[in-house]
Amino acid sequence: MPLPTVVVSRQLSPKMWNYLSTYAHVVSWESDCPATHEWLLDGIAEAEGLYCLLTDQIDQDVLRLGKRLRVISTMSVGYDHIDIQACTSRKIPVGYTPGILTETTADLAFALLMASARRVVEGADYVRQGHWAEWKPDLLLGTDVFGATLGIVGFGRIGQAMAKRAHGFRMKVLAVRSPRQNREESALKDREAMIGETAEEPSVTFVDLPTALAQSDFVSLHVPLTPDTNQFFGRDEFHLMKPSSILINTSRGTVMDSDALFHALQDGTIRGAALDVTDPEPLPASHRLLTRPNCLVIPHLGSASTATRSLMADMAVQNVIAGLSGERLPYCVNPEVYH
Ligand code: DGY
């Protein structure tokens, strides 16, 4: 019996490649940059499994040509790049990597908060550029983190992990949970029960978005990208924030209106922003946001620790193998395909 074909849209580590190869004939994109959509469309007809990343658009075209697909697995917790509805109507289970990247991503969000509050990158640049001639009482003054108020918008796993870090700094935490997120929370709890893992909720005050924005010194976005959250943070939201406040985004770039952010940073509506995700992504070096010294941008590094990325790849391969074997995916976005 020939092995089923699995299309893999990025080079796997030798360990993961060997593991997957015992179950499948692996057809892999051989470069370190994202696979092109054309390559995906060319190869998908033979594929029974697809291992993809958040840089691939798994749209109607891929699904139409991928007639033999029995499983799709993304090496990410976000799945906004996949047409889940279309997969579900085709009864294709979609795997993802929830839970294991929570702490790593919250570490990064908190690092951005600290770095922007205390102007760490500006300070490092100042030294590197040879400006450090003397100690000055007013050099690169920042904002205190200890005891400040943090607004967490989107209180899923990563938002909750952010709150735990904030408690260590005696911050007051205001959490915003949208009706949509309430629905997703209960779905999340079902999934957590399924994978035997529950999130512990630290003590926070739940408020509505305008209250969180008006009272917070830092606002950190942790909402998934959905039609409800696409561009939900715009001019009005920036104008509700304190002029002294800092925005942190580690969710998805398109939840926020980039033009509105630029103007808010330029005209002093807010003090600063620290972004791990942008719109567009990657952000071109010529983008006007990068002309703002009060805007710190890093290249989507939320889950980028060696251990976490390796666990994510492992989880994504497990999902593919389960799907090929006709078993329920251990980490499934659309478990309704099994009903
Ligand atoms: C995800 O997994 O969705 C993150 O954005 C990258 O790790």
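Reader: Where is the place of Pro280?
Author: Pro280 sits in the loop between strand 11 (272-275) and strand 12 (295-297). Helices (H or I, at least four residues) and strands (E, at least two) are DSSP runs, numbered from the N terminus. Pro282 is placed in the loop between strand 11 and strand 12 as well.

Reader: What kind of model is this, and how are its residues numbered?
Author: This is a predicted model, where local features need pLDDT of at least 70 and side-chain atom pairs count only at pLDDT 80 or more, while totals for chains, interfaces and linings use all residues. Residues are numbered from 1 along each chain as its sequence is written, and side-chain values use heavy atoms, with hydrogens and water left out.

Reader: What is the peptide bond from Asp279 to Pro280, cis or trans?
Author: That bond is cis, with omega near 5°. The bond from Glu281 to Pro282 is cis too, with omega near 0°.

Reader: Why is helix 5 called oblique to helix 7?
Author: Helix 5 (residues 102-117) and helix 7 (residues 157-168) pack at an angle of about 55°, and their axes are 8 Å apart. Axes are lines fitted to C-alpha atoms, for helices over the stretch in contact, and angles run from 0 to 180 degrees between N-to-C directions. Angles under 35 degrees count as roughly parallel, over 145 as roughly antiparallel, 65 to 115 as roughly perpendicular and the rest as oblique. The angle of about 55° therefore makes helix 5 oblique to helix 7.

Reader: What makes helix 1 and helix 12 roughly parallel?
Author: The axes of helix 1 (residues 14-21) and helix 12 (residues 306-324) cross at roughly 10° and come within 10 Å. These two helices are therefore roughly parallel to each other. On the helix 1 side, the contact (heavy atoms within 4.5 Å) is made by Met16, Tyr19 and Leu20.

Reader: How do you know which residues are around the ligand?
Author: A residue is near a molecule if one of its heavy atoms lies within 4 Å of it. The residues around the ligand include Leu54, Val77, Gly78, Arg252 and His300.
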